[in-house]
Amino acid sequence: MSDMIARVLKDAFRRYYRSHDVPPPPDLEKREFGVGDYGRKIVRRHISFVSPREFRRYLREEAPLYISYSVGYFERPEATPMEAKGLLGADLIFEFDADELGLFAPNDLWVCPSCGARGLVKDLKGFRVGFCPRCGEPTKVVTFPDAEREEKLKEEVETLIKDFLVDDFGISKKEISINFSGNRGYHIHVRSPALRELDKEARIEIVEYVTGQKIDVRYFFDVPRMPIVGPRPTDGGWKGRIARGVISILSSARDVSDLVRRGVSPSTARRIMRDRERIVELIRQGIWPFIDTRKADAFESVASLVRSLSPFMGKEIDTNTSVDIHRLIRVPDSIHGSTGLLAKSVDNLNAFDPYRDAVALPERPYLNLHVDFAPEFEFAGETWGPFEDINVELPLHVSIFLLSKGVASWRLTTRG
Ligand SMILES: [Zn+2]
């Protein structure tokens, strides 16, 4: 079955690459490339191209289901092992993924691999994603297009670019490009000559600054004073970010557990919720009444809140893409072989809708699918579903999208 899907995809990809231009990544001849087949993102790597012409011909003729390129620049990109390539430098890449940021939407589907229970996130008590309400085992979440989540993702991307890369690091906007990942997030490529030669340690420092993981919050407070004077929303850099972020978290918390989940101690969380309006008003003036310096862990609650403010919330730094200079990343404007969506370069982030603007596959052929479960969702300018245990004939683009979600299977009776 997967062979047949691979053949249908290959055919559609070839037609796409024959009629659309994919701009070669900058410094093409210094990059290593990797390509993949159905279900396997990298089958072959250490590929290089000597000219844009050769790169374009490869796409037209081979139509790989995945094509990635190195964030690194090399003297001999095709050489093996890695040490023989002669590393010249590397771009700085930041990756945003809706799943890793924990952004779930009401119409996402949760599935329990243990007992087979499933349902929509909006039907879970308090939207609590994670454990099966029937058997208590961990659940998986399958995401579907959601306008509100897209907005939140874009906000994270914009925060990174504006607040950190441009304002704090002074990187020119011209050296930053954004592309949709082709699946559930965005990639930010920083191709600044000034950053290219940074070693791994320097990259780790940048990521630590952006994530705020190593920030010592005590530094921002005037400790001997009582009540404690600290960041105000109008301050610059991390100071203002801390004040604005904490105000926003406190204002939107529904109950004590919302704060405890972000690492605030239960007693402090109760104190805050009892007197929330006054506390928020005081923080606006730079006064932080809930920090009690008589306690040894006085700053723990604030530090936890600050960690939860970072755009890379919860990500482990040593596995972060930004510091891995040997990594391969999807070629912008190539098609993602799981979803059939383009890893599209985005010029106007606000106006971009991946499920409309990044659809690369055509409607034909139609595939006969069995769909287990899918909510109503928007894709390629139309509304689909809801589907539940139903056989249905759907256009290629939306079929591949559903197959990639693992909620549908292709039936052999397809008419083509
Ligand atoms: Zn279960």
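1. Let's start with a helix and its surroundings. The buried residues of H12 lie against H1, strand S16 (367-374), strand S17 (377-379), strand S18 (382-384), strand S19 (387-394) and strand S20 (408-410). Helix H12 covers residues 396-404, and its buried residues are Val398, Ser399, Ile400, Phe401, Leu402 and Leu403. Some terms, before going on: helices (H or I, at least four residues) and strands (E, at least two) are DSSP runs, numbered from the N terminus. A residue is buried if 20 or more other C-beta atoms lie within 10 Å of its own, exposed if 12 or fewer, and partly exposed in between, with C-beta atoms placed from the backbone. Two residues are in contact if their C-beta atoms, placed in that way from the backbone, lie within 7 Å. Just after H12, glycine 406 has a positive phi of about 75 degrees.

2. A word on the model itself. It is predicted: local features need pLDDT of at least 70, side-chain atom pairs count only at pLDDT 80 or more, and totals for chains, interfaces and linings use all residues. Residue numbers run from 1 along each chain as its sequence is written.

3. Three strands make an open sheet in the order S19-S16-S20, paired antiparallel. From one strand to the next, the twist averages 20 degrees (axes are lines fitted to C-alpha atoms, for helices over the stretch in contact, and angles run from 0 to 180 degrees between N-to-C directions). S16 and S20 are joined by 3 bridges; strands count as paired if DSSP finds at least two bridges between them. Valine 371 has alanine 408 in S20 as its bridge partner. H12 packs on this sheet and touches S16, S19 and S20, with its direction at about 45 degrees to that of S16.

4. Which residues touch the most other members of the largest nonpolar core? They are Phe13, Ala360, Val371 and Leu402, in a core of 76 residues. Helix H1 (residues 2-19) supplies the largest share, 6 residues. Valine 371 is worth a look on screen: setting aside residues up to four places away in sequence, its contacts are Phe387, Ile390, Val392, Leu402, Val407 and Ala408.

5. Stepping back to the whole chain, the protein has 12 helices and 20 strands. Its radius of gyration (taken over C-alpha atoms) is 24 Å, close to the 22 Å that the globule rule gives for 416 residues, so the protein is as compact as a globular protein of that length; the rule is 2.2 Å times the number of residues to the power 0.38. The C-alpha trace spans about 75 × 55 × 35 Å along its principal axes. Of the 416 residues, 36% count as buried.

6. The domain assignment gives domain 1 (2-95 + 172-208 + 320-357), domain 2 (109-142), domain 3 (214-307) and domain 4 (367-410). Such bounds come from an automatic or database domain assignment. The centres of domain 3 and domain 4, taken over C-alpha atoms, are 46 Å apart.

7. Another sheet to find is open and antiparallel, with 4 strands in the order S2-S1-S3-S14. S2 and strand S14 (328-330) stand at its edges with a single partner strand each, so one side of each lacks a neighbour in the sheet. Direction ignored, neighbouring strands are turned by 35 degrees against each other on average. Strand S1 (residues 33-37) and strand S2 (residues 40-47) pair over 3 bridges. Valine 35 has arginine 44 as its bridge partner, while phenylalanine 33 is partnered by isoleucine 47. S1 and S2 form a hairpin with 2 residues between them, and glycine 39 in the turn has a positive phi of about 80 degrees.

8. Finally, is leucine 282 buried or partly exposed? Leucine 282 counts as partly exposed, because it has 15 C-beta neighbours inside 10 Å. Leucine 282 sits in helix H9 (residues 276-284) and, leaving aside neighbours within four places in sequence, contacts Ile287 and Pro289.

Technical notes: Core = buried A, V, L, I, M, F, W, Y, C linked by C-beta atoms within 7 Å.
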